[in-house]
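Have the structure open as you read.

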Amino acid sequence: MKRLAGIFLGFVLAGCSSVDRIELPDEIKVTEAAAPVTQAFGTPRPFPPARSNTNIAADFVELHFSLESGTALPVFTRFEGPITVRLTGAPAPTMQSDLTRLLTRLQREARIDIRQINDGQANITIEAVTQRQIQRLLPQAACFVVPNASSLEEYNRDKRKTKSSWRALRSRERLAIFIPNDVSPQEMRDCLHEELAQAIGPLNDMYRLPDSVFNDDNFHTVLTGFDMLILRATYVPELQTGMTREQVAQVIPGVIARLNPRGANLPVQPISETPREWIDAVQLAVGKGRASPRQMRAIDRAMRIGREQGWTDHRRAYPHYLKARLGEFDAPEEAQREYAIALQYLRATPGTELQRAHITVQTAAYALTQGRGPEALPDLDRAIATMTRAENASMLATLLLLKAEALKQAGKPEQARSVRLDSLGWARYGFGSELVVSTLMQDVALGAP
């Protein structure tokens, strides 16, 4: 998501020189001085689970008894007893406040006995390190969690030993999470949510989940209502470490029914596994900029598999979304048609408000280029509300910039300027770069498109 927001941001800033190459006039310096500080989200309002308890119970079992690679796990594991968390390394200023907010949510929403300690051995050690340190070990990872370690040094020393294997894990007592401290505040927070959730809960990610961070499509950046339900169910007294898949499958429907009465009245959706061939195709297709022939072939392959599977859910929409993203440089009208197809499937799939809001970024940007910005204002307002609830600051900043341009086209320059200023505080948190924020300030002051 951060990547996708950044792509459009490039369009917004196209033609603007870097602010360190020019001398800003006095009126721009005044705007720069008056720019808002970093914004912060208020009381969490996560989207509730959008599917039936029957589906959620099946998801629970699959999440806990498989790894992302498809490898089966023989037994259920969790922490037994209170969980302690310690933050070490060189954390950035926002990391502590985001961790406190997350722990509070886990205590209140998931009813987990978890707390932070400042000294001594913790069950979970969160070490703040640099991106380079992480990528030396896992080049494709933004952040990661490992069993039976308390530091990056210990994991590096023991990474080839059985103690570092999730497949061999039989109980959870000591884990380590490694978070980059030199990225945007939002990227650090997103890593905290995803990795801490996997440290205390399921280890799997599944593309079939439309409303969860346990999904490699990366639309959700903070824990959802579904995620909190899964984590709460993980720590009920009916379950314990060492249970088999069959034992958990017998117990969990009753647990979910008790914790989520609302889900008893929602229709059961067909459950279909996601073939490895489809997963490989979409992971190959994900990218930015102009598409390569290899990526387009991968997208066509994913579309074919979706048709063969008979899908009508968000997985059927996703390749169309990717095709539109990769084709919008060279074939913008065709990209809009692909977005329209994706939206057809998303509107028919519960729990996809966030995916639809991401598409609004692209369709509204296109409307602006056609001089039809005012027509996009209702969609932009809905997407802004969705992104605010989902706590995605980078996308929120981008949507607010789009709204400002739409208001400008509607002949409302003062409202447009106010909305641009609002976007800057979210941009500080979402993008992190002072250069980006300063360039946005220049955009606000000059009224550049």
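## Helices α16 and α17

In this predicted model, helix α16 (residues 393–409) packs against helix α17 (residues 413–430) at about 165°, with the axes 8 Å apart. That angle makes α16 roughly antiparallel to α17 (over 145 degrees counts as roughly antiparallel). Their crossing is left-handed, a term for the near helix being turned anticlockwise from the far one by less than a right angle.

On the α16 side, the residues in contact include L396, L400 and L407, and they meet α17 residues including V419, W426 and Y429 (contact means heavy atoms within 4.5 Å). By class, this contact has 12 nonpolar, four polar and five charged residues. Asp, Glu, Lys and Arg count as charged, Ala, Val, Leu, Ile, Met, Phe, Trp, Tyr, Cys and Pro as nonpolar, and the others as polar.

## Helices α4 and α7

The axes of α4 (residues 93–108) and α7 (residues 185–200) come within 10 Å and cross at roughly 40°. The two helices are therefore oblique to each other, and their crossing is right-handed (clockwise). Here the contact divides into 10 nonpolar, two polar and three charged residues.

## The whole chain

The chain has 18 helices and five strands (DSSP runs of at least four and at least two residues, respectively). Of its 449 residues, 55% count as buried, meaning under 20% relative accessible area with a 1.4 Å probe.

## Reading notes

Residues are numbered from 1 along each chain as its sequence is written. Local features need pLDDT of at least 70, side-chain atom pairs count only at pLDDT 80 or more, totals for chains, interfaces and linings use all residues, and side-chain values use heavy atoms, leaving out hydrogens and water.

Methods. Axes are lines fitted to C-alpha atoms, for helices over the stretch in contact, and angles run from 0 to 180 degrees between N-to-C directions. Angles under 35 degrees count as roughly parallel, over 145 as roughly antiparallel, 65 to 115 as roughly perpendicular and the rest as oblique. Buried means under 20% relative accessible area, exposed over 50%, partly exposed in between (1.4 Å probe, protein chains only).
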